[in-house]
4 protein chains.
Amino acid sequence: MNITLEQAEAISLAAKQKAKEIGVPMNIAIVDEGANLKAFHRMDKAWLGSLDISIKKAKTARFFDMPSGDIGTLSQPGGPLYNIEVSNGGLISFPGGIPLKDGSGEIIGAIGVSGGSVEQDHQVASAGVAALML
Amino acid sequence: MNITLEQAEAISLAAKQKAKEIGVPMNIAIVDEGANLKAFHRMDKAWLGSLDISIKKAKTARFFDMPSGDIGTLSQPGGPLYNIEVSNGGLISFPGGIPLKDGSGEIIGAIGVSGGSVEQDHQVASAGVAALML
Amino acid sequence: MNITLEQAEAISLAAKQKAKEIGVPMNIAIVDEGANLKAFHRMDKAWLGSLDISIKKAKTARFFDMPSGDIGTLSQPGGPLYNIEVSNGGLISFPGGIPLKDGSGEIIGAIGVSGGSVEQDHQVASAGVAALML
Amino acid sequence: MNITLEQAEAISLAAKQKAKEIGVPMNIAIVDEGANLKAFHRMDKAWLGSLDISIKKAKTARFFDMPSGDIGTLSQPGGPLYNIEVSNGGLISFPGGIPLKDGSGEIIGAIGVSGGSVEQDHQVASAGVAALML
């Protein structure tokens, strides 16, 4: 199964609300199971450079079906996936990208958030993921 | 002035409603005055290849402050702007991209729609533009 | 010999003055003999998409040591250089790019102008070329 | 508000004068608030490879509204933004890029300088920033 636009919008909305709650304007990207962009929102005054990063975080999370930050633990100098970031037109391997799963545990896409600290990005992305569970 | 996310969402919503009304799933992209993506929505079952086209239509409309299709009348073989499409990382010069203006006539961004015939794309983009006027 | 920044600035200034004179805000790019950007100016309210086009016109003129529009006469459907525009990261083959020569006739760079009609672009580029002759 | 060409030229000129003063030929790039190139000057004998770096520094500073070098402190191995440089078509995360603010503190663009040591690049960029304050 693939993510629907209705689901993507609910996820984006929940993420946006969390971003407002913590007072950090964010870029919020959702990709589908094919890792292609499904929905995107750039909040007013969010960093312009985070546009591309939010999309790359979502793609990274779907490319490897794990949180983007997990890749970063393996891609450090001396690590098994050193500099994997140059593949796929550019990966982002720090937190803020999370796979999205349907009720049966199947991955149907991913969310990527960028605009604050990586902890804030992950927090906002998690709020989006939680909306899918409702 | 630059387009706000609230404006972009209202424009996208109006375009989506028009797309549903005519029964053609669309990709709907909004860029800001700097031609950077502000919002994007891909409706379920919309052509995947139209994702990139909708974004390029929006950028093209903002790049030259005119409907994307106007470029296409000039870029044909023998025309004054032949093959201008190879510039700017790829332009789309057929209809579906329209500049967005605020109340004072200043361009604040652009919308790009792709997923149906070029007439349908332009119709849906126009519905988005109209929402900004409300 | 290669173009100097002093020469490039004099050429840009003359082109800018001509653009003001005809009332069309322009993007003005100068490349050196290696076809690498030497100077660039985007006038206020000039088309954003003409940024890239002005640079590509200058490069095209230096790549082939002829006005950019000359390439366009050869690149049409059925012509000997059909679709040459896809090479070199994107050529622009309509008028507005002109090689720059020193007193001995050696090519030292090129100018590319974009922002109006191709006739206006060529006119403004020619004003830049003329400044080099002084 | 967006940077004007007149402002960009004054900034470039001040940077160029500082570069001459310290005897290091520089590439000097100015982008607007949309991170699109507004003005560029490559001084004679400046490193050719610094052309692209100066533009990327300016973009990086505007993308994240902070000096480019601030990104570099976070993008090191083990750091929170490790390898962020692969995003946005290539970031430069060492010093030489600085945001440009108008009198009210709004960011209207950024300057990027490359051609010497990163300390020299930052020094020349700072001279450009100071010219905007006059």
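Tutor: Over all chains, six aromatic pairs are counted, where rings of Phe, Tyr and Trp (its six-membered ring) pair if their centres lie within 6.5 Å. This is a predicted model, in which local features need pLDDT of at least 70 and side-chain atom pairs count only at pLDDT 80 or more, whereas totals for chains, interfaces and linings use all residues. Residues are numbered from 1 along each chain as its sequence is written, chains are lettered from A and ligands numbered from 1 in the order in which they are written, and side-chain values use heavy atoms, without hydrogens and water.

Student: Why is the pair of B:Phe64 and C:Trp47 called edge-to-face?

Tutor: Planes under 30 degrees apart count as stacked, over 60 as edge-to-face and the rest as tilted. The ring centres of B:Phe64 and C:Trp47 are 5.8 Å apart and their planes stand at 80°, so the pair is edge-to-face. This pair crosses between chains, from helix H2 of chain B to a loop of chain C; helices (H or I, at least four residues) and strands (E, at least two) are DSSP runs, numbered from the N terminus.

Student: What makes B:Phe64 buried or exposed?

Tutor: Buried means under 20% relative accessible area, exposed over 50% and partly exposed in between (1.4 Å probe, protein chains only). B:Phe64 has 3%, so this residue is buried.

Student: Why does C:Trp47 count as partly exposed?

Tutor: The relative accessibility of C:Trp47 is 25%, and therefore the residue counts as partly exposed.

Student: How do you know which class C:Phe63 belongs to?

Tutor: C:Phe63 has a relative accessible area of 34%, so it is partly exposed.
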